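This briefing goes through one protein structure, topic by topic. Please look at the sequence and the model first.

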Amino acid sequence: MEITGMHHLGLTVSNLERSLEYYKRMFGLEPAFIANGDGEELSRAVGVPQAKLTFAFLQLGNATVELLEYDNDRQTQYGLRNSDVGAPHLCFDVPDIDIAYQELLAKGGDFYSEPLRIADGPLAGCAFAYLRDPDGLTLEIFQKAADGGRG
């Protein structure tokens, strides 16, 4: 098998309309499209009996983020901690972490803490900060090292 890249990262949200508004307001991301799906074949494919969902693709440079809202009986509160197996986070490259942090903070960004600057190791010179989206999913802003290092 040959893998040629990553097509998209999918995140299930509780309210697609609210999430789309958030990602537009915070990051300027607009959906490439919004679509619906249901039926027996889709239910088998996604492993959700009687699946009915609405989803949107957001283009983020050379990556795509898929936001999905299921209209099924489901857990509507995200309860995983970053240390829990399967807890995802979506990371955005930013050229200046301080500017990005201040802009997102002014827009109501719910950050865990101020940016952390990495002093040593393979990511020395990089900086990051985690924040939560409306469902509590973890997002990250990340500034690469000035020398173009590994980060």
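What percentage of the 151 residues of the protein count as buried? The share is 34%, where buried means under 20% relative accessible area, exposed over 50%, and partly exposed in between (1.4 Å probe, protein chains only). The model is predicted, and local features need pLDDT of at least 70, side-chain atom pairs count only at pLDDT 80 or more, and totals for chains, interfaces and linings use all residues. Residues are numbered from 1 along each chain as its sequence is written, and side-chain values use heavy atoms, with hydrogens and water left out.

**Overall layout**

- The protein has three helices and nine strands; these are DSSP runs numbered from the N terminus, with helices being H or I of at least four residues and strands being E of at least two.
- Read from the N terminus, the order of elements is β-α-β-α-β-β-β-α-β-β-β-β.
- The C-alpha trace spans about 50 × 40 × 30 Å along its principal axes.
- Of the contacts between residues at least 6 apart in sequence, 50% join residues at least 24 apart; a contact means heavy atoms within 4.5 Å.

**Surface and charge**

- The accessible surface is about 9500 Å², and 50% of it belongs to carbon and sulfur atoms; such areas come from the Shrake-Rupley method with a 1.4 Å probe, and for residues only the protein chains shown count as cover.
- There are 12 positive and 23 negative side chains, with Lys and Arg counted as positive, Asp and Glu as negative, and His and the chain ends not counted.
- The centres of the two sets lie 2 Å apart, each charge being placed at NZ of Lys, CZ of Arg, CG of Asp or CD of Glu.

**Nonpolar cores**

- The largest nonpolar core has 27 residues, of which Y23, F27, L67, L139 and I141 touch the most other members; a nonpolar core is a set of buried Ala, Val, Leu, Ile, Met, Phe, Trp, Tyr and Cys residues joined through side-chain atoms within 4.5 Å.
- Two or more residues of this core come from each of α1 (16-27), β3 (52-60), β4 (63-70), β5 (89-93), α3 (97-106), β8 (127-132) and β9 (138-143).
- Helix α1 gives the most to this core, with six residues.
- Another core, of six residues, lies apart from it and includes L53, F55, F57 and Y70.

- S43 belongs to helix α2 (residues 40-46) and is buried, at 10% relative accessible area.
- A polar atom of the S43 side chain lies 2.9 Å from the backbone oxygen of G39.
- Neighbours within four places in sequence aside, S43 is in contact with V48, P49, Q50 and A51.
- Q50 sits in the loop between α2 and β3 and counts as exposed, at 71% relative accessibility.
- Phi of Q50 is near 55 degrees, a positive value in a residue other than glycine.
- Most residues other than glycine have a negative phi.

- D98 is in helix α3 and is partly exposed, with a relative accessible area of 40%.
- The side chains of D98 and R117 are joined by a polar contact of 2.5 Å; a polar contact is a pair of N or O atoms within 3.5 Å, where within protein one must be able to donate a hydrogen and the other to accept it, and residues adjacent in sequence count only if both atoms are side-chain atoms.
- Q77 lies in the loop between β4 and β5 and counts as exposed, at 61% relative accessibility.
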